[in-house]
Amino acid sequence: MSAETIAAGHRQKNRNRILKWGTGLLVTLVAWGIAYSQLVPFSEWVTSLLPVARDSHTGEAIAFFVYDVPKVLLLLALIVFVTGVLRSWFSPEKTRAILAGNREIIGYPLAALLGVLTPFCSCSSVPLFIGFVSAGIPLGVTFAFLIAGPLVGPVGLGLLFGLVGWQVALIYLVFGFTIATVAGWVMGRMGLERYLQDWVRELNAGPVGDVSDETFDIVDRLQVGVDQVRDIVGKVWIWVVIGIAIGALIHGYVPEAMMLRIMGGDAWWSVPAAVVVGIPMYTNAAGAIPVVEALLGKGAALGTTLAFMMSVIALSLPEMIILKQVLTYRLIAIFVAVVASGILATGFLFNAIL
Amino acid sequence: MKTVKVYGPGCKRCETTEAMVKDAAAKLGVDVEIEKVTDPKSIAVAGVISTPGISIDGKLVHTGGLPKEDALQKWLQA
């Protein structure tokens, strides 16, 4: 067989592969669309099977739960897939090279943007942190990256869009992005390098390994998306169910008058309270947003609710414990204080103007 | 005998990666010694910023996520 025939064979095989994946993708999307359009009839049907009155507290809670679980899981799968495919063009290594090669002032917004686009799991945050800092990326820019990643994640935004509405999603995007950028900049101005753990300051990490021989075609990228869906949906579905159960209880049982008293716009202390309550709560965006949906539905003020959501997602104890390996307690405290201030400001601002 | 290092702080992916290396080596009949590197300092010094990472005989071949099966075999045979 000549080299040309082999190459032609390869091309043919590749075409078949792309065709197969394209068809599979199309069929899945159509099935997704049909399932999504049947959510309301489905939930009403399930609720009607149960021996509870539809307009009772229990009926309301059950209808919320039965409607939201499939809806959130469907949305989550779609968002994770699209994000997985898009992020396959990015890597922490590339991001590090980009950030190390830019001026500091451009670095803050750029880091926040790349924080959203770069795939990394929280178990990698320590090597990533060290890798960034030792490559000469300013500490503040590194923080902007680390804050934006979870805070403005696509899952949170996508679910806000699907469950609450595009206006709130857009507000969240703009303010989450601003908080990450400004908090990074503030910490950059504070000269916090001396509060790193000693060994981190002294470390000179090696050059990033050249692993560019791994080539990806479009099918590989789709595969990444599918793997991500399996991986992430498999991991977070339990948080989703818990979050929706809490949302359903709020939706069914919490009286509106009580919600207005606790989380209404007139209660000034509700914003700091929401932030403080949110810190020890650890869940991902997928679990938090059904709760947000229920809170807003019951008349909670937007600023208070946004503050709660941002605090739950961006400030978490497990993450601080991981970062303790590289940061001193003092630096962690400053980190929390700066980010919390940004969240507070956002919360107060929205309660004041709405 | 090849020395394979798997870099990662001990998350599930890192364990899966280690198992994949073991499987691939056994399948190919390549004699390997696998070392797990979990200390963040050593991981950073090796130039790995997204875990899990794999190096073979001191050369970094992969970082970030699970390796592809066929790529893994290629590295082990090289």
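1. Contact between α9(A) and α17(A). On the α9(A) side the residues are F175(A), I179(A), V182(A), A183(A), V186(A) and M187(A), and they meet I334(A), V338(A), V339(A), G342(A), I343(A) and T346(A) of α17(A). Contact here requires C-beta atoms, placed from the backbone, within 7 Å of each other. By class, these residues comprise 10 nonpolar, 2 polar and no charged. Ala, Val, Leu, Ile, Met, Phe, Trp, Tyr, Cys and Pro count as nonpolar, Asp, Glu, Lys and Arg as charged, and the others, Gly among them, as polar.

2. Basis of the model. The structure is a predicted model, in which local features need pLDDT of at least 70 and side-chain atom pairs count only at pLDDT 80 or more, while totals for chains, interfaces and linings use all residues. Residues are numbered from 1 along each chain as its sequence is written, with chains lettered from A and ligands numbered from 1 in the order in which they are written.

3. Geometry of the helix pair. Helix α9 (residues 166-189) and helix α17 (residues 329-353) of chain A pack at about 140°, and their axes are 10 Å apart. Axes are lines fitted to C-alpha atoms, for helices over the stretch in contact, and angles run from 0 to 180 degrees between N-to-C directions. α9(A) is therefore oblique to α17(A); angles under 35 degrees count as roughly parallel, over 145 as roughly antiparallel, 65 to 115 as roughly perpendicular and the rest as oblique. Helices are DSSP runs (H or I, at least four residues), as are strands (E, at least two), numbered from the N terminus.

4. A169(A). This residue lies in helix α9 of chain A. A169(A) is partly exposed because 18 other C-beta atoms lie within 10 Å (buried means 20 or more, exposed 12 or fewer, partly exposed in between). Apart from neighbours within four places in sequence, A169(A) is in contact with L157(A), L160(A), F161(A) and V164(A).

5. Domains of chain A. The domain assignment, automatic or from a database, gives domain 1 (1-37) and domain 2 (41-203 + 218-354). Their centres, taken over C-alpha atoms, are 35 Å apart. Contact between them involves 7 residues of domain 1 and 5 residues of domain 2. The domain 1 side has 6 nonpolar, no polar and 1 charged residues.

6. Chains A and B. Here 19 residues of chain B are in contact with 24 residues of chain A. On the chain B side, α2 (40-45) and β4 (59-63) each supply at least two residues, and α2(B) gives the most, with 5 residues. That side has 12 nonpolar, 6 polar and 1 charged residues.

Notes. Two residues are in contact if their C-beta atoms, placed from the backbone, lie within 7 Å.
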